[in-house]
Amino acid sequence: MEVVYEHTDVKRMLHYVNVWFLPFRWGTNTYRGCEHNCVYCNARYTHEYLGLETGEFAHRILVKDNAAEVLDREFARPKWNHNLTVNLATVTDPYQPAEQQVHITRQVLEVFLKHHNALMLTTKSDLILRDLDLLTQIAHTGFLNVVITLPTLNEDLRQIIEPSAPSVEKRLQVIQALHEAGITIGVTAIPILPYITDHEQDIQDLIRTVDEHGVDYVLVDVLNFRGEVRTRFFEFLKGYDFDLISKYDELYQTRYCAKSYTKRIRQQANALIKQYHVDDYDKMFSYRRARSKER
């Protein structure tokens, strides 16, 4: 299906994120929708929230032409605290293919640098290296935490579950380059797919590999379903391994995986994370960085 870009102006860029365990309370997005078209993506509901049709998330991309201008105004407000970490992005990848053409994300990064606002940047894309000059300045003059999503090292599987996202190798190169630039870098090995990527050896290989490339911390969690994701994922299972459907039906009585299974995976992963010392979670928090500088 052809991807359509729709250009739009927005009235605001910042939105509050009321989730207590996250290292940020504010988020922003340069786009709506995401061309990476990941099978497991739980952000698809945001298109429906805007009144767009189910299934258009990866093919109808809203480009926020005035994103930088609006964010600049919001950061300039007298009561805004620039130590508050803003996550770019919460529901879409800021470095999806559209960014190669319109450079909205780069414009927004210039605003973060101008105001020295704490930034957490989440992506799957090696296009981020285009902006290494800006990211290095942001990291060295304020706070920057880059997070790379990498749920598997299996490139064949990656091509199925993340059909339009950059390869595993390219993401490992990003981690290495950011580490060498002195930028805090984390990996979210999310989601772990039950009976597919949940073998302890696979998780260990992933954690060991990203450790070798210089990652500061790793987060691991299990697949969950929101909105149309359950339907899409079960369609994937039909072609990947039909016998897994009954096992998933048993594990997922709700949108969340069975607690006993999730607990076991988290315990295994956390033990490996400690073993490889990729648990420097303090680097995720801008206020902890500020306190350490004061000392």
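Predicted model: local features only at pLDDT ≥ 70, side-chain atom pairs only at ≥ 80, totals over all residues.

Two strands are taken to pair if DSSP finds at least two bridges between them.

An open sheet of three strands shows the order 1-5-4 with mixed pairing. Its edges are strand 1 (4–8) and strand 4 (31–32), each of which pairs on one side only. Strand 4 and strand 5 (residues 60–64) run antiparallel and are joined by two bridges. Tyrosine 31 stands opposite valine 63 in strand 5. The pairing of strand 1 with strand 5 is in the parallel sense and extends over five bridges; threonine 8 has lysine 64 of strand 5 as its bridge partner. In general, strands of a sheet pair through backbone hydrogen bonds, either parallel or antiparallel. Strand 5 is largely enclosed by the rest of the structure, because four of its five residues are buried.

**Salt bridges**

Side chains of opposite charge can pair when their charged atoms come close. Over the whole structure, a search finds 15 salt bridges. Three of them are set out below.

| Glutamate 99 | Arginine 130 | 2.7 Å |

The side chains of glutamate 99 and arginine 130 meet in a salt bridge. Glutamate 99 belongs to helix 3 (residues 99–102), whereas arginine 130 is in the loop between strand 7 (119–123) and helix 5 (132–141), so this pair ties together parts that are 31 residues apart in sequence. Glutamate 99 is buried, at 0% relative accessibility, while arginine 130 is partly exposed, with a relative accessible area of 29%.

Aspartate 133 counts as partly exposed, at 39% relative accessibility.

What separates aspartate 205 from arginine 208 in helix 8? The two residues are three places apart in helix 8 (residues 200–212), and therefore about one helical turn lies between them. An α-helix has 3.6 residues a turn, so residues three or four places apart point the same way. Aspartate 205 is partly exposed, with a relative accessible area of 22%; arginine 208 is partly exposed as well, at 29% relative accessibility.

In soluble globular proteins, nonpolar side chains tend to be buried together. The largest nonpolar core in this model has 86 residues, and those with the most contacts inside it are Leu109, Leu121, Val146, Val210, Val218, Phe233 and Tyr248. Which helix gives the most to this core? Helix 4 does, with six residues. Another core, of seven residues, lies apart from the largest one and includes Val17, Met120, Val147 and Tyr217.

Within helix 4, the buried residues are Ile104, Thr105, Val108, Leu109, Val111, Phe112, Leu113 and His115. The helix has 12 residues and reaches 17 Å from its first C-alpha to its last, close to the 16 Å expected at 1.5 Å a residue. Histidine 116 follows helix 4 and has a positive phi, near 50 degrees.

Leucine 121 is in contact with Asn87, Leu88, Pro94, Tyr95, Leu109, Ile128, Leu135, Asn145, Val146 and Val147, leaving aside its neighbours within four places in sequence.

**Threonine 152**

Threonine 152 is placed in the loop between strand 8 (144–149) and helix 6 (155–161). Is threonine 152 buried or exposed? At 7% relative accessibility, threonine 152 counts as buried, because the limit for that class is under 20%. A polar atom of its side chain lies 3.0 Å from the backbone nitrogen of asparagine 154. Beyond its neighbours within four places in sequence, threonine 152 is in contact with Leu157, Arg158, Ile161, Val168, Thr197 and Leu206.

Terms used: Residues numbered from 1 in each chain as written. Heavy atoms only, no water. Salt bridge = Lys/Arg side-chain N within 4 Å of Asp/Glu carboxyl O. Buried < 20%, exposed > 50% of the residue type's maximum accessible area, 1.4 Å probe, protein only. Core = buried A, V, L, I, M, F, W, Y, C linked by side-chain atoms within 4.5 Å. Contact = heavy atoms within 4.5 Å. Polar contact = N/O pair within 3.5 Å; in protein donor to acceptor, adjacent residues only side chain to side chain. Expected span 1.5 Å × (residues − 1).
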